[in-house]
Amino acid sequence: VNAKKLWEIALGIVTSVGGFIEVGAIATASQSGAHFRFQLIWPIVLGTLCVICLIEMSGRLAAIGHHPLPMAVRERFGVRFVVWPVVFGLIVDLLVLASEIGGVCIACQLVTGIKFQWWAIPVGFFVWAAIWYDTFDRIEYGISFLGLITLVFVVGAFHVHPPIAEVARGLLPTLPKMEATHYWFLAVSTIGSIIAPYLLNFYSSGAVEDKWDESYLIVNRLTAGLGMSFGMIVQIGVLIVAAMILYPRGIRVERYEQAPLALAGPFGIWGFYLFAAALGIACFGAAIEVSMDSAYVLSQVLGWNWGKSEKPAKNTRFNLTYTLFIIPASLIILIGTDPLKLTLFSMAVTTLILPLVVLPFLVLMNDPRYLGKHTNGFAMNIAVFVIIILTFLLAIVAIPLEIAGGS
Amino acid sequence: MRISLILLLLPLLATGCEHPDEKAERVDKTTGSWSTAVRLTAEDFEHAKVPQLYVKQMLDAAQEELPQSHKDLADVPPTQRTGPDARLTLLEARVHAMQEALDMGANDHLIAIATTMPVDAQHTKSEGAARRSRETP
C-alpha cells in the first residue's frame with residue numbers, strides 16, 4: 001500500500017464516518033435511547049455488520065467488474081426483472097429524501113425560529129444547486145468533512161458517563177418489558193436507517209467514476225470496515241446521550257424539537273447549536289446522496305449517460321432526473337408533513353425493499369463473470385442473507401402493528 | 001398467495017384496535033413527556049443553555065401535539081379517561097400560560113409556571129428523584 005493509497009484509505013474512512021449519520025440515524029437513535037435506554041444498541045451493531053459487508057461488496061463489484069450496482073443488476077437479470085425493484089426503490093428514495101430535507105429544515109427552524117415548512121423550497125434548491133454546480137469529489141469529501149461535526153455525539157456520550165456494563169448489555173438483543181410493538185418497530189427502523197440501498201448505489205457509482213481497479217480492493221475493504229465501524233460509534237453516541245439525558249426524565253422524542261435537549265444538557269448553549277449544525281449538515285449531505293442515487297439508478301437502468309464527472313449538458317437526462325426528484329420531496333415537507341414520523345416510517349419501509357435489492361446483489365456477487373476469483377465467500381453470503389431476511393420478516397409484522405397502534 | 005395475505009393481515013387483525021387501557025397509558029406517557037420537556041426547556045433557558053426562540057418552538061410543538069392526545073382519549077371509556085384527561089388539560093393550560101408569559105417577555109413568570117409542572121412519573125418515581133437526576137450531567 002503506497003502513500004497515495006494510504007491517503008485514499010484515510011479519506012475514505014473520514015468520508016464514511018462523516019457520511020454515516022443522517023436523519024434516520026439521529027431520529028431512530030434518539031428515540032431508541034429516550035424510550036428504551038440502551039436496549040436498542042444491538043440493531044445498530046447488526047445493521048452496521050450487514051452494511052459493512054454490502055458496502056465492501058459494492059466496492060468490489062465496481063473495482064473488479066467495473067459496474068455500478070444498478071447497471072450490473074440490469075445487465076445480469078434484464079430490464080423486466082428490475083422494473084419493480086427500481087419503482088419501489090425510487091418511491092422509498094423519495095420518502096428518504098423528503099426526510100433528509102425535513103431534517104435540514106428542522107435544523108434551520110431550531111436556529112432561526114422560522115417554521116420548518118418555510119425552509120422546504122430553499123433547502124431543496126440548495127441541494128439541487130450543490131449537485132448541479134459541484135464536482136463529485138467536492139460533494140463527497142466536502143460534505144463528509146463537515147459531517148465530522150456529528151462526532152459531538154461521541155464526545156457527549158463520554159461526557160455523560162454512561163454505565164459501561166449496561167451499554168454492553170445493549171449489544172445483545174433482549175425482549176422489551178413494555179411497548180413491544182414500538183420496540184420492534186424502532187429496531188426495524190434503525191436497521192433500515194443503516195442499510196440504506198442508496199448508499200450501495202452511490203458508493204459503487206462513485207467507485208466506477210473514480211475508475212477503481214483491483215489495486216483498490218484493500219482501500220475498499222478498510223474504508224467499508226473501519227469507516228462504517230467508526231460511523232456506528234457515532235450513532236451509538238446519539239443513543240447514549242438520549243438514554244442518559246432524556247430517558248430518566250421520560251422525554252420520549254415525539255417531535256424533533258425535543259431532541260436538542262440531549263446535547264444542551266451536557267454542553268449548554270453550544271450543545272444546542274451543535275445539535276442543530278450536526279442535524280443540518282448530516283441531512284444535507286444525505287439529501288445530496290439520495291438525490292444523486294435516484295439519477296444514478298434511473299440512468300444506469302435505462303442506459304442513459306450518467307456521472308458527475310461530466311458537465312450537465314453532456315448528461316441531460318441524468319441531471320434532469322435528480323432535478324425533478326427534489327421537487328416532490330420538497331413539497332412533502334412544504335405541506336407540513338411531520339419530519340420525525342416521516343423519517344421513522346421511511347426508514348422502516350426501507351427494510352421492506354431490502355430483499356429486492358440485496359438478493360439479486362448476492363447472486364451477482366457469486367457470479368465469476370463479474371467478479372472473477374473475487375466472488376463472495378460462504379460466510380458473507382449467509383450473514384447478509386440471514387440479516388436481510390430476518391429484518392424483512394420483522395418489518396412485515398412490526399410496521400402494520402405500529403400503524404394499527406396509532407403511534 | 002391467500003396464505004401470505006392472511007399472514008400479513010393477522011397482526012393487524014390481532015391488534016386492529018388498541019386496548020383502551022393501553023391508549024390511556026400512552027396518552028399519560030405523552031402528557032408526562034411534554035410536561036417534562038417543557039419544564040426542562042424552561043430550566044435550561046433560565047441557565048442560558050438554550051435560546052429564547054427555542055423555548056417558543058418547544059411550546060408551539062407542545063400546543064400542536066397535545067390536541068391529538070385529546071382525540072385519542074375520545075375512544076377511551078369515561079371512567080378510564082378522567083385522570084389522563086385532567087392531567088392533559090392542566091398541561092395545556094400551563095403551556096398556554098407559558099406562551100403568554102413568553103410573548104409578554106415575562107421570563108420570570110414563565111419559569112415560575114414551569115416549576116409547578118410535574119415531571120413524568122414513568123421513570124422518575126418522585127419529583128425529588130427527577131431533580132437529582134437533572135443535576136447529573
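How far can the model be trusted? For the complex, the predictor reports an ipTM of 0.86 and a pTM of 0.89. Chain A has an average pLDDT of 90, and 99% of its residues score at least 70. Within chain A, the highest mean pLDDT of any element, 96, goes to helix 9 (residues 164-169), while helix 1 gets the lowest, 76. For chain B, the average pLDDT is 78, with 73% of the residues at 70 or above. Another covers residues 121-137 of chain B, where the corresponding count is 29 contacts. Where pLDDT is low, the predicted coordinates should not be read in detail.

Next comes chain B as a whole. Its secondary structure is made up of six helices and zero strands, so its elements read α-α-α-α-α-α from the N terminus on. Out of the 137 residues of chain B, 44% are buried. The chain exposes about 7200 Å², and 61% of that is supplied by carbon and sulfur atoms. As for contacts in chain B with a separation of 6 or more, 65% of them involve residues 24 or more positions apart.

Helix 3 of chain B deserves a look of its own. It has 22 residues, and the distance from its first C-alpha to its last is 32 Å, close to the 32 Å expected at 1.5 Å a residue. Buried residues turn up along this helix, including B:Tyr54, B:Met58, B:Ala61, B:Ala62, B:Glu65, B:Leu66 and B:Ser69. An α-helix has 3.6 residues a turn, so residues three or four places apart point the same way. In the loop between helix 2 (20-46) and helix 3 of chain B lies B:Ala48. Is this residue buried or exposed? B:Ala48 counts as exposed because its relative accessibility is 52%, and the cut-off for exposed is over 50%. Between B:Ala48 and B:Met98 there are 17 Å in space, C-alpha to C-alpha, and the two are 50 residues apart in sequence.

Helix 10 of chain A is largely enclosed by the rest of the structure, because 12 of its 15 residues are buried. Among them are A:His182 and A:Leu186, along with A:Tyr183, A:Phe185 and the run from A:Ala187 to A:Ile194. Both A:His182 and A:Leu186 touch A:Gln31, a residue of helix 2 (residues 23-36) of chain A. A:Gln31 has a relative accessible area of 5%, so it is buried. Its other contacts, leaving out residues up to four places away in sequence, include A:Phe36, A:Arg252, A:Glu254 and A:Leu344.

Two or more lining residues each come from helix 4 (69-77), helix 5 (79-112), helix 11, helix 14 (269-302) and helix 16 (339-365) of chain A. Helix 5 of chain A gives the largest share, six residues.

The second largest pocket has a volume of about 470 Å³. Of its 25 lining residues, A:Gly12, A:Thr15, A:Glu140, A:Tyr141 and A:Tyr203 are the closest to its centre. At least two lining residues each are supplied by helix 1 (3-20), helix 7 (136-147), helix 11 (197-209) and helix 12 (217-246) of chain A. Which helix gives the largest share of this lining? That is helix 1 of chain A, with seven residues.

Technical notes:
Residues numbered from 1 in each chain as written. Chains lettered and ligands numbered in written order. Predicted model: local features only at pLDDT ≥ 70, side-chain atom pairs only at ≥ 80, totals over all residues. Heavy atoms only, no water. pLDDT = per-residue confidence, 0-100. Contact = heavy atoms within 4.5 Å. Helix = DSSP H or I, 4+ residues; strand = E, 2+ residues; numbered from the N terminus. Expected span 1.5 Å × (residues − 1). Buried < 20%, exposed > 50% of the residue type's maximum accessible area, 1.4 Å probe, protein only. Areas by Shrake-Rupley, 256 points an atom, 1.4 Å probe, with all protein chains shown as cover. 1 Å grid on protein atoms, 1.4 Å probe; cavity = no way out; pocket = protein on both sides within 12 Å on 5 of 7 lines; lining within 4 Å. Points joined across faces, edges and corners; volume = space filled by probe spheres on them.
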